[in-house]
Amino acid sequence: MRLYFGRKLFIYALTFFVAVTIDWMIPRFMPGNPILNVMARIGASINPIAAQAMYTYYQHVFGFDLPIWQQYLNFWSALIHGNLGISIYMFPTPVANVLKSAVPYDIFLLVPSILLSWYAGNKFGAYAARSKWLDNTISPLGYVLTATPYMWLGIILAWLFGIKLGWFPIAGAYSFNVAPSLSWPFILNLLHHWFLPFASLFLVGFGGQAIGMRNMIIYELEADYSHYLEALGAPKGLIRRYAFNNAVLPQITGLALSLGVVVAGALVTEVVFSYPGIGYLLLAAIQNQDYFLIQGCFLFIIIGVLLANFVIDIMYVIIDPRTRRGMMGEMA
Amino acid sequence: MNKSAAKNELLYFALRNRKLQIGLGIVLLFVVLAIFGPLLTRNDPFAYANPLGAQPPSPEYWFGTTFFGQDVFSQFVFGLRATFVVGLIGGGLGTLLGILVGFTSGYRGGWLDEILNIFTNIVLVIPTLAVLLIIAAYLKVRSIPIECLFIGLTSWPWTARAIRAQTFSLRTRDFVDTARMSGMKANKIIFTEIAPNMMSYLVMAFILQFGGAILTAATLDFIGLGPTNAISLGLMMQVAVLWGALQLGSWWWFIPPGLAITAIVGALYVMNVGLDEVFNPKLREM
C-alpha cells in the first residue's frame, strides 16, 4: 500500500513541478512582451518618464532583470510563501486573496455536481443496461447531454428558467440586497442562485456517466463469468449485481480522468451565470490582461485537480480489495 | 475466410447498423452545410448588414441578425467550417501523437515505456484547458491553425494510454513473435502486424478525439481565447452572452451554434457505438 501511494504521490509531485514550470515558462518564452501588454492596457497616454519608471517597475515585479535560473528559484520561493503577485484587475489585492475568496464557490458548485452526477449516472446507466425500454430512452438522452457544450446548456437553462419563466436568478451568487450571514434567508438565496449552474454541470456529467455505466455493464454481462453463472441457473439479479460491482471500478477511474473536463465546464458555466468562482475571475483576468491572476488561476486549478485525483485514488483502494492485496504482494 | 470476404461482412453490418446510419447521416448533413453554406450567403459574417440590429429570422436573414446587425446564418456556416477544421486537424494531431506514444511505449516496453508512461500520466492529470488558456492568454494574435495545434498537443494522453494497453496485449501473440523471429524491424512489425489488428480501435479513437477537439475549441472560444481573426461557433456564443442576447431574447443568435455542436458531437458518439457493434460481433444486436 505504501508503495502504491508512494508511486502516486511521486507522479503528482512531478505533475505539480511540471505545472509550476509551465506557469513560469510561458510568460517568459512566449512571443510578445507581457510588460508592454500590461502598459498598453494601463494607458499609453502617460508621459514617457512615468512610462519608463513603470516599465522598470514591472521588469522588477516579474523579475525579468535577474538571471534566468534566479528567476526560476525566486518563482518557487514566492510560491511556497503563498505569494502569487498582485492582481492588476483588482489592484492592489494580492492574487492569492482574490483566489481564496473565489474558491469556496467552486467547491460549492463542483463537489455536489460531480458526486451526484456520478451516483445518478451510474444508477440510471445500470437500469438502462437492464431493460430495452429504458435503454431506448436513457441512452439517447445520455448521448445528447454528454455532447452538449457546458456553456450552451447553461445558456439554454438561463434563458428558459431565468428569463422566460423567471424562476431563477441568472447572475451572481446571491442578491445584492441580502447581506452574507448564516441565516436562512441568505442560505436560501444562495441556493436559489446556485441551482441553475449546478443543474447544467450535473446534467452534462450525468449523461457521460450513464453512457459509461451502460456500456460497461453490457461488456460485463457478456463476460465469461456472467455466462457461467447464467448456465448454473443463478438468478438474474445476482448476475447483475456482480456485473455492477465490476463495472463501478472503471467508472471511478473514468471519474478521475474526466475531472479536467468537468473543471473546464465549471469555468464556462460560471461565465454564463456570472457566478463568482475561478472561471468568472479568469474571464475578467483575460479581458484585463491580468497575467498574475491568470497564472494564479492556473495553479489553483492544478492543485484542485491533483487533490481530487488523490482522493479518488484513496477511494479506489477502499473499494477494490484486489488493489489492496495486489499492492502488498506481487505488484510493486 | 479470405480478406475480401471479411471486409464484405463488415460492410454488410456497417450498412445495416442503425446507430452508424443516424450518426453518419447527421455528421454528413453538417459537413455539406459547412462546405456549401457559405456559397448561399451574400453577407460577410462580420459585416453590419442589417441596420435594424437584432432581428428574428426572416426570408432575407434566415437565422436572423445579431445585436450589431450581422447575419447569423453567415456566421453559422463559416463557424461550422472552423469547427470541422478544428476537429479534423486538432483531433487528427491528437490521435497521431497518441498512436506514436502508445505504440512506442507498448511495444518497446522497458525504461522507455516507464518514462513515456510517467510523461503521459502527467499530461493526463493536468487539465488540458488550464494549459491552453495560459498559452492562449499570452498570444496576442490567435488563428484557427494555432488553436488546432495546441489542442492536438494536449489531447493525446488518453489515446496513448488506451493504445499502449492494446499493444501490450498484442505484442506477445504468436503472429508477432513469428514476425520478430523472421527478423522484421520493430517499426515494420508495429505498422504491418500490430496496427492492422487494432484498426477499429484507431478509427474509434480518432472519432472521440474529433469530438473532444470540437468541445475544447468551443470552451476556449467561449472564455475569450478563441481565434482573433476568424469566426467560430464558440465565439458566436461568447459574443451573444456578452451582448445580452439572453436578456434581449435573441434566441436565434445563441441557439444555432450550440445546437450544431451538440448535434455533431452527439452524432460522432453514436457513430462510435455503432462502429463498436460492427467491429465487435459480441455487441451486435440480433
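Analyst: After α7(A) comes A:Gly166, with a positive phi near 70°. The model is a predicted one, and the angle is a value computed from it.

α7 of chain A covers residues 150-164. The helix has 15 residues, and the distance from its first C-alpha to its last is 20 Å, close to the 21 Å expected at 1.5 Å a residue. α7(A) also has a kink of about 25°, centred on A:Ala158. A:Ala158 is itself one of the buried residues of the helix.

What do the buried residues of α7(A) pack against? Within chain A, the partners are α8 (184-221) and α10. From chain B, α10, α11 (233-242), α12 (245-248) and α13 (251-279) take part.

That leads to the contact between the chains. In total, 46 residues of chain A are in contact with 41 residues of chain B. On the chain A side, α7 is among the helices that each supply at least two residues, along with α1 (2-29), α6 (132-147), α10 (236-272), α11 (278-287) and α12 (291-319). α1(A) gives the most, with nine residues. By class, the side of chain A that touches chain B has 36 nonpolar, eight polar and two charged residues.

Chain B, which supplies part of the packing around α7(A), has 13 helices and zero strands. Its C-alpha atoms fill a box of roughly 75 × 45 × 30 Å along the principal axes. Of the 286 residues in chain B, 49% are buried. Among contacts in chain B between residues at least 6 apart in sequence, 72% join residues at least 24 apart.

α6 of chain B (residues 144-155) has 12 residues, which at 1.5 Å a residue should span 16 Å; the end C-alpha atoms are 16 Å apart, so the two values agree. The buried residues of α6(B) are B:Ile144, B:Glu147, B:Cys148, B:Phe150, B:Ile151, B:Gly152, B:Thr154 and B:Ser155. Their cover includes α3 (72-108), α4 (110-125), α5 (128-138) and α10 (199-225) of chain B.

Conventions: Residues numbered from 1 in each chain as written. Chains lettered and ligands numbered in written order. Predicted model: local features only at pLDDT ≥ 70, side-chain atom pairs only at ≥ 80, totals over all residues. Contact = placed C-beta atoms within 7 Å. Helix = DSSP H or I, 4+ residues; strand = E, 2+ residues; numbered from the N terminus. Nonpolar A, V, L, I, M, F, W, Y, C, P; charged D, E, K, R; others polar. Expected span 1.5 Å × (residues − 1). Buried ≥ 20, exposed ≤ 12 C-beta atoms within 10 Å, placed from the backbone. Bend = angle between axes of the 7 residues up to and from the residue.
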